[in-house]
Amino acid sequence: MNMTTNMRPVSSAALKQAVEQHLTYTLGKDAGHASVYDWRMALSFAIRDCIVEPWFRATRSTYEGQRKRVYYLSMEFLIGRTLEDAMINLGLLEAARDVANEVGFDLREIIEDEPDAALGNGGLGRLAACFLESMSTIGCPAFGYGIRYEHGLFRQRFEGGQQVETPEDWLTLPHPWEFARPESAYEIGFKGEAVDGGWRPAESVVASAYDMPVIGWQGRWANTLRLWGAKPTTLFDLERFNSGDYAAAAEPEALARTLSRVLYPDDTTYQGKELRLKQEFFLTSAALQDILRRFRTEYDDLAKLPTKVAIQMNDTHPAIAGPELIRLLTDVHGMEWSQAQEIARATLGYTNHTLLPEALERWSTWLMGNVLPRHMQIIERIDDDHRRATKRPAHVGIVRNNEVQMGELAFIMSHKVNGVSALHSDLVKKTVFHDLNEIHPGRIINQTNGVTPRRWLKLANPPLATLISDKIGEGWIGDLEQIKTLEPFAKDADFRRDFRAAKRTNKVALSNWVGETMGVKIDPDAMFDVQIKRIHEYKRQHLNIFETIALWHNMRENPNAGWAPRVKIFGGKSAPGYAVAKEIIHLINDVASVINSDPVTKDLLKVVYPPNYNVSMAERVIPATDLSEQISTAGKEASGTGNMKFTMNGALTIGTLDGANVEIREQVGPENFFLFGLTADEVVKHRRNVRHARDAIEASQNMQSVLQMIVEGRFSPSDPDRYHGLVDRAWNHDHYLVAADFDSYYDAQRKVDALYLDPDAWEEQAVLNTARSGFFSSDRTIRGYMADIWETESALVGEESLT
Ligand code: F55
């Protein structure tokens with residue numbers, strides 16, 4: 001079979017030859033003894049070879065065209081697997097399948113041998129990965145900058161239903177997608193003292209670059225993800241070694257070893273830990289030094305920086321970029337203060353991903369002054385300048401209560417600040433940055449998130465992707481707006497049948513996987529009702545499990561009332577130190593074991609919670625989902641991006657008016673979305689009533705029964721008191737208004753039941769969800785950033801490709 005990448009046709013035979021060459025000469029393995037790992041490595045190298053040329057071409061074109069470059073600074077890139085994504089974007093999947101079959105392996109097995117690169121916690125990190133892919137697809141010249149964590153997000157196991165964390169070790173085996181660039185290395189200082197217009201650090205490490213190519217759809221363009229690994233500046237402090245202080249002599253090595261060792265596993269609460277601040281500065285300083293070095297090889301006037309460089313800060317984690325850029329421009333390159341400040345501001349943009357107060361980064365002035373003394377001075381001067389220029393009173397500003405407010409710093413040092421959904425951007429203006437918004441009207445804008453349809457539809461859901469392409473051609477893959485041409489087929493009974501068949505194929509595959517990995521039998525004809533995301537009180541997995549208990553209870557009371565059979569599927573990790581989230585996990589698992597062994601409801605209800613939810617698990621579960629749970633307390637979920645993936649894959653959503661749910665409902669039509677719950681405004685008002693939970697529970701027979709069953713120990717018979725704390729919080733400290741929304745949620749679920757029992761009506765709505773998901777492509781989001789923040793243009797305008 002002949003496959004065409006953009007560069008040149010690659011036949012199965014040619015690919016096979018390339019794979020065998022790598023097996024022999026790169027890996028030194030004999031085909032007769034090669035394992036799945038060996039074939040995976042050989043195939044990865046062969047595919048990687050196909051990326052290198054377009055990668056070079058893109059780099060050359062950017063240099064030659066003197067194009068403006070985008071630099072996306074992020075502490076997290078939640079990439080998942082790379083091999084299949086690369087093969088899909090290069091059009092080599094079928095050729096690879098032939099090769100695998102010929103050498104006696106199943107391509108799926110080879111693909112699944114690759115560990116996930118889990119260099120992120122959740123939505124923020126996965127968004128960064130989708131953005132990289134979209135920037136390559138669109139031809140936006142860009143670099144991602146991040147940290148090459150040796151250990152990504154921890155692995156999750158359940159022991160007695162409780163979360164246990166174990167270290168993740170994706171880098172134990174060689175990583176075929178990276179190119180080490182030891183020649184691109186920068187010294188990163190810490191501590192010491194600020195001296196007259198400069199800084200004498202007391203410790204330092206070296207940031208050493210590792211590059212991963214990021215190939216866009218059809219190989220039209222490729223960008224680079226540059227991850228920094230920490231290396232000791234000197235292996236040994238010789239002076240200390242010679243004086244006999246052996247432990248102190250090894251200190252530089254110790255710091256370097258810890259710096260890029262592990263990803264902080266918190267997705268909301270910031271911790272104020274010194275190592276985290278050092279990691280943030282490590283990433284930011286390495287990136288900025290690299291950016292300025294590259295700029296200076298091409299241009300001589302640093303004043304032109306904002307015309308050729310746009311730097312985006314993914315949340316406040318790299319917000320030290322403001323002071324660091326000023327420091328490099330002034331202390332190192334001799335620019336005058338006010339010009340440096342202007343240049344930095346014109347270059348930087350800041351994306352806000354949360355309003356939760358516990359997530360807003362603040363560093364004590366003591367810690368900041370100790371770890372980054374020169375930056376502390378610069379921050380104070382930025383703060384003074386801003387206060388004077390805007391006549392703000394002394395008690396507001398970046399430095400408040402002996403803490404550096406990183407949100408305020410990022411805002412003041414950026415020319416644009418964006419939220420990630422329409423509702424969220426609105427709330428950003430009204431709440432966290434209310435005052436700054438009045439001082440700088442127009443600086444806050446919205447860029448609603450999106451997800452890449454290559455990974456989240458074409459890769460994850462081959463049955464549906466093929467069906468769509470058969471109907472409307474392949475144009476939707478590179479231009480998701482085209483998917484709206486599917487809309488008329490919602491009325492076509494044959495198409496609905498095929499759409500349903502594609503979903504069923506995915507549900508059968510998921511059922512088999514659940515059976516094999518968890519030993520629980522689930523029925524592919526039951527409704528698959530899914531909530532997968534980090535476990536957090538504001539995301540309200542407890543609302544979902546409470547409703548599950550009520551449903552089970554009512555099914556038992558009246559088993560023949562015409563219930564729609566359901567499988568409740570949960571997935572997600574809790575931050576290791578988040579006790580309440582861990583308790584919710586425990587409860588879900590306890591409820592699952594009771595319900596799954598109940599003979600009365602065995603054909604009506606099952607609850608499954610596969611451990612260690614990650615990107616690869618999402619790719620398995622989302623295409624098999626009928627109902628998407630997006631049930632956060634209104635005003636708390638900045639956007640959500642899982643919600644968009646489900647919509648694309650033809651799931652219906654049950655959700656609150658929160659984050660991007662609002663826009664999903666607008667796009668798919670309110671009649672094709674199950675809405676429930678209080679609005680963001682109502683939530684604020686409701687909380688003023690201190691009895692809000694008590695009143696709601698007393699008015700709800702269902703909710704009372706649920707809490708009664710839990711408190712009696714129905715789900716923890718060996719330890720009946722286990723959930724007394726949880727139930728007490730439901731009555732008395734229900735910050736996320738579970739009780740207030742419970743009845744409305746329960747009722748909406750019964751409407752879901754009714755629709756599911758009418759397959760034709762369900763399928764019509766499901767088709768419309770997919771057909772109207774065009775807005776949620778991250779290609780659209782990136783075009784928005786390019787136009788409104790980065791002021792860059794695609795390098796591919798007027799060109800089909802680079803060839
Ligand atoms: C990670 C580290 C810290 Cl210190 C704080 C937050 C995080 C983090 O992972 N945040 C996160 O994932 N935020 C999410 O960003 C998504 C992309 O914009 C949103 O869709 C989602 O609503 C938001 O919670």
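Which residue in β24 is the bridge partner of V530? In this predicted model, where local features need pLDDT of at least 70, side-chain atom pairs count only at pLDDT 80 or more, and totals for chains, interfaces and linings use all residues, the partner of V530 is S628. Residues are numbered from 1 along each chain as its sequence is written.

Strands count as paired if DSSP finds at least two bridges between them. By this rule β24 runs parallel to strand β21 (residues 527–532), joined to it by two bridges, and pairs in the parallel sense with strand β25 (residues 652–655) over four bridges, where S628 stands opposite T653. In a regular strand the side chains alternate between the two faces of the sheet. In β24 both faces are covered, with L627 and E629 buried on one side and S628 and Q630 buried on the other; a residue is buried if 20 or more other C-beta atoms, placed from the backbone, lie within 10 Å of its own, exposed if 12 or fewer do, and partly exposed in between.

On a wider scale, the domain assignment of the chain, which is automatic or comes from a database, gives domain 1 (66–81 + 116–150 + 179–447 + 785–790) and domain 2 (453–679 + 743–776). The centres of domain 1 and domain 2, taken over C-alpha atoms, are separated by 36 Å. Their contact takes 29 residues from domain 1 and 23 residues from domain 2, where two residues are in contact if their C-beta atoms, placed from the backbone, lie within 7 Å. On the side of domain 1 that touches domain 2, β4 (77–80), α6 (123–138) and α17 (422–430) each supply at least two residues, and α6 gives the most, with five residues.

Of the 20 residues around the ligand, G123, L124, D267, A638 and S639 come nearest, a residue being near if its C-beta atom, placed from the backbone, lies within 6 Å. The shell has six nonpolar, 11 polar and three charged residues; Ala, Val, Leu, Ile, Met, Phe, Trp, Tyr, Cys and Pro count as nonpolar, Asp, Glu, Lys and Arg as charged, and the others, Gly among them, as polar.

The largest nonpolar core has 235 residues, and those with the most contacts inside it are Y71, F282 and A739; such a core is a set of buried Ala, Val, Leu, Ile, Met, Phe, Trp, Tyr and Cys residues joined through C-beta atoms within 7 Å. Helix α2 (residues 36–64) gives the most to this core, with 10 residues. Because domain 1 and domain 2 both give residues to this core, the core lies between them. Leaving aside residues up to four places away in sequence, F282 touches I188, V205, A207, W228, A230 and L259.

A last stop is V451, in the loop between β20 (444–446) and α19 (453–459). V451 counts as buried because it has 29 C-beta neighbours inside 10 Å. The C-alpha atoms of V451 and M648 are separated by 9.6 Å, although these residues are 197 residues apart along the chain.
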